[in-house]
Amino acid sequence: MHVVTPSEITEAVIRSFGGTPDPRTKAIVTALTRHLHAFVMEVRPSTEEWSAAIGFLKRTGDTPHGARQELILLSDVLGVSMLVDAINHSEDEAATESTVLGPFFVEDTPVLPLGADMSGGAQGKPLWIDIAVTDAAGSPLAGAMVDIWQADDDGVYDVQRDLPDGAHINRGRFQSDDKGRVRCWSVIPASYQIPSDGPAGEVLAATGRHAWRPAHVHFRIAAEGYRPLVTHLFVRGDAYLGSDAVFGVKPSLVADLSVHRAPAPDGRAVQGAWRSLDYRFVLQRGDR
């Protein structure tokens, strides 16, 4: 079939998907084609610009940064990660709100005992994390698996450092007790700039945007019979709460760090004041 006009090209490609056996796949590739072709018609890129765009995507996939995932980072800075999150987590208003996973999550982090210090000796002011995991009625969820990770006092994640195999800093996995609680030591997180030495950073530079994220602690919580929750807790008062480079801040996820000068809850010797982060996470029933 000979195609001449732009609309004929678009329709010819869509017709080529007519034999797609899976309806969902057919719907996705059809919509992708229509929107991508419409984008090209609106922007009308030169041949050189289109070649540069293809090169940009190739570099995004090829950027070697260890455990860091540049495609996730690009999705984050374009707001796509939060858009996908928004359309998939809007059913239960009682459940804790979700936010982006980020590019530094590590699968199969070793399980630590409750009350452990997950800081790995990182510098920073001590932070006692004390959370509860419940259902919407407030009943505790025992045995929930809780991944916790964060940047250190320099705003750097352990996967960005040259560490021995199996070593982790400010990262741990815990199992909630019979009251649904998880407690551990860490350090106060710092606001930081997301990596800007790759294609995602090129987007920020080209558009005049900053690369800062407000200080936060990541959580991924899973319990049988409930939808997994991926979220952060942000430190109240941070200068970048209103301009997060990845659009991940939600008011319900902004938390206070309480200051204490009394003895630590587990009897640990702490020089000077220590802070605590207390929060109740509510999971939504389901398996998605």
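This is a predicted model: local features need pLDDT of at least 70, side-chain atom pairs count only at pLDDT 80 or more; totals for chains, interfaces and linings use all residues.
Modeller: Residues are numbered from 1 along each chain as its sequence is written. Local features need pLDDT of at least 70 and side-chain atom pairs count only at pLDDT 80 or more, while totals for chains, interfaces and linings use all residues, and side-chain values use heavy atoms, leaving out hydrogens and water.

Biologist: Why does Leu 32 count as exposed?

Modeller: Exposed means over 50% relative accessible area, buried under 20%, and partly exposed in between, with a 1.4 Å probe and protein chains only; Leu 32, at 53% relative accessibility, therefore counts as exposed.

Biologist: Why is Gly 272 called partly exposed?

Modeller: Gly 272 has 48% relative accessibility, so it counts as partly exposed; this residue is found in the loop between β10 (258-260) and β11 (274-282).

Biologist: What makes strand β8 largely enclosed by the rest of the structure?

Modeller: Of the seven residues of β8 (residues 229-235), six are buried, so the strand is largely enclosed.

Biologist: How do you know that β8 pairs with strand β7 (residues 216-222)?

Modeller: Two strands pair if DSSP finds at least two bridges between them, strands being DSSP runs of E with at least two residues, numbered from the N terminus. β7 and β8 have six bridges in the antiparallel sense, and Leu 233 in β8 is the bridge partner of Val 217.

Biologist: How do you know that β8 pairs with strand β9 (residues 254-255)?

Modeller: Two bridges join β8 and β9 in the parallel sense, and at least two is what the definition of pairing asks; Ala 255 in β9 is the bridge partner of Val 235.

Definitions and conventions: Helices (H or I, at least four residues) and strands (E, at least two) are DSSP runs, numbered from the N terminus.
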